[in-house]
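Dear colleague,

I am handing over the structure we spoke about, so that you can look at it yourself before reading on. My notes on what was found in it follow below.

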Amino acid sequence: ERSLEIKKRELGDKSLEVATTMHFIADVFQKQSKLNEALKTYLASCELRKELQGPDSSDVAVSLGCLGVLYKKLGDYQAALNYFEQSREIFEMRLGKDNLTVAVALMNIANLFKYVGKYEE
């Protein structure tokens, strides 16, 4: 968190470095099982990335995928699915339907369906 404070002071509140640092802090919160703090930080990072890079950037897609993982851990499977789908759509648009990153996004969706017992999806 000290790194974030320094970057905000030196670069301002609205920079890609700040957004990336926030994303990494959210990763740490998630690993520490501080899920509400992770959620708040991922959302802030994602919004900043959208503002700076546009809503269809690859970084936004990564953030959306991480939000999907977090919502799955929180037990909000519909929100998880929505974030996974948004992530997949952006990656497909930017990288094409047959890209390995798209395959990972599709696996996130498939694993969610498996987790909730929706094998027919």
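**Helix packing**

Where helix H4 meets helix H5, the contact is made by Ser58, Val60, Ala61, Val62, Leu64, Gly65, Leu67, Gly68, Val69, Tyr71 and Lys72 on the H4 side, and by Tyr77, Ala79, Ala80, Tyr83, Phe84, Gln86, Ser87, Ile90, Phe91 and Arg94 on the H5 side. Sorted by class, this contact of H4 with H5 has 14 nonpolar, 5 polar and 2 charged residues. Please keep in mind while reading that this is a predicted model.

In general, a pair of packed helices is described by two quantities, the angle between the axes and the distance between them. For helix H4 (residues 58–74) and helix H5 (residues 77–95), the axes come within 7 Å and cross at roughly 160°. An angle over 145 degrees counts as roughly antiparallel, and H4 and H5 are therefore roughly antiparallel to each other. The crossing of these two helices, H4 and H5, is left-handed.

Helix H4 also packs with H2, at an angle of about 20° and with the axes 12 Å apart. Since angles under 35 degrees count as roughly parallel, H2 and H4 are described as roughly parallel to each other. The crossing of H2 and H4 is left-handed. The residues that make this contact are His23, Asp27 and Gln30 of H2, together with Val62, Ser63, Cys66, Val69, Leu70 and Lys73 of H4. By class, the contact of H2 with H4 has 4 nonpolar, 3 polar and 2 charged residues.

**Salt bridges**

The count for this model comes to 7 salt bridges, and I describe some of them here, together with the surroundings of the residues that take part.

The side chains of lysine 14 and glutamate 51 form a salt bridge, with 2.8 Å from N to O. Because lysine 14 lies in the loop between helix H1 (2–11) and helix H2 (16–31), whereas glutamate 51 lies in helix H3 (residues 35–53), this pair ties together parts that are 37 residues apart in sequence. Lysine 14 counts as exposed, at 52% relative accessibility, where the cut-off for exposed is over 50%. Not counting residues up to four places away in sequence, lysine 14 touches Leu48, Glu51 and Leu52, so that its salt-bridge partner is named again among its contacts. As a further point of orientation, the C-alpha atoms of lysine 14 and serine 87 are separated by 22 Å, and these two residues are 73 residues apart along the chain.

Another salt bridge joins glutamate 10 and arginine 9, whose closest N and O atoms are 3.5 Å apart. Both partners count as exposed, glutamate 10 at 55% relative accessibility and arginine 9 at 60%.

**Two single residues**

Which residue other than glycine has a positive phi, near 65°? That residue is serine 33, which is found in the loop between H2 and H3. At 58% relative accessibility, serine 33 counts as exposed.

The other residue to look at is aspartate 59, which is found in helix H4 and counts as partly exposed, at 30% relative accessibility. Leaving aside neighbours within four places in sequence, aspartate 59 is in contact with Arg49 and Gln53. From C-alpha to C-alpha, aspartate 59 and arginine 49 are 6.9 Å apart in space, while in sequence they are 10 residues apart.

With kind regards

Definitions and conventions. Residues numbered from 1 in each chain as written. Predicted model: local features only at pLDDT ≥ 70, side-chain atom pairs only at ≥ 80, totals over all residues. Heavy atoms only, no water. Salt bridge = Lys/Arg side-chain N within 4 Å of Asp/Glu carboxyl O. Buried < 20%, exposed > 50% of the residue type's maximum accessible area, 1.4 Å probe, protein only. Helix = DSSP H or I, 4+ residues; strand = E, 2+ residues; numbered from the N terminus. Axes fitted to C-alpha atoms, helices over the stretch in contact; angles between N-to-C directions. Parallel < 35°, antiparallel > 145°, perpendicular 65-115°, else oblique. Left-handed = near helix turned anticlockwise from the far one by under 90°. Contact = heavy atoms within 4.5 Å. Nonpolar A, V, L, I, M, F, W, Y, C, P; charged D, E, K, R; others polar.
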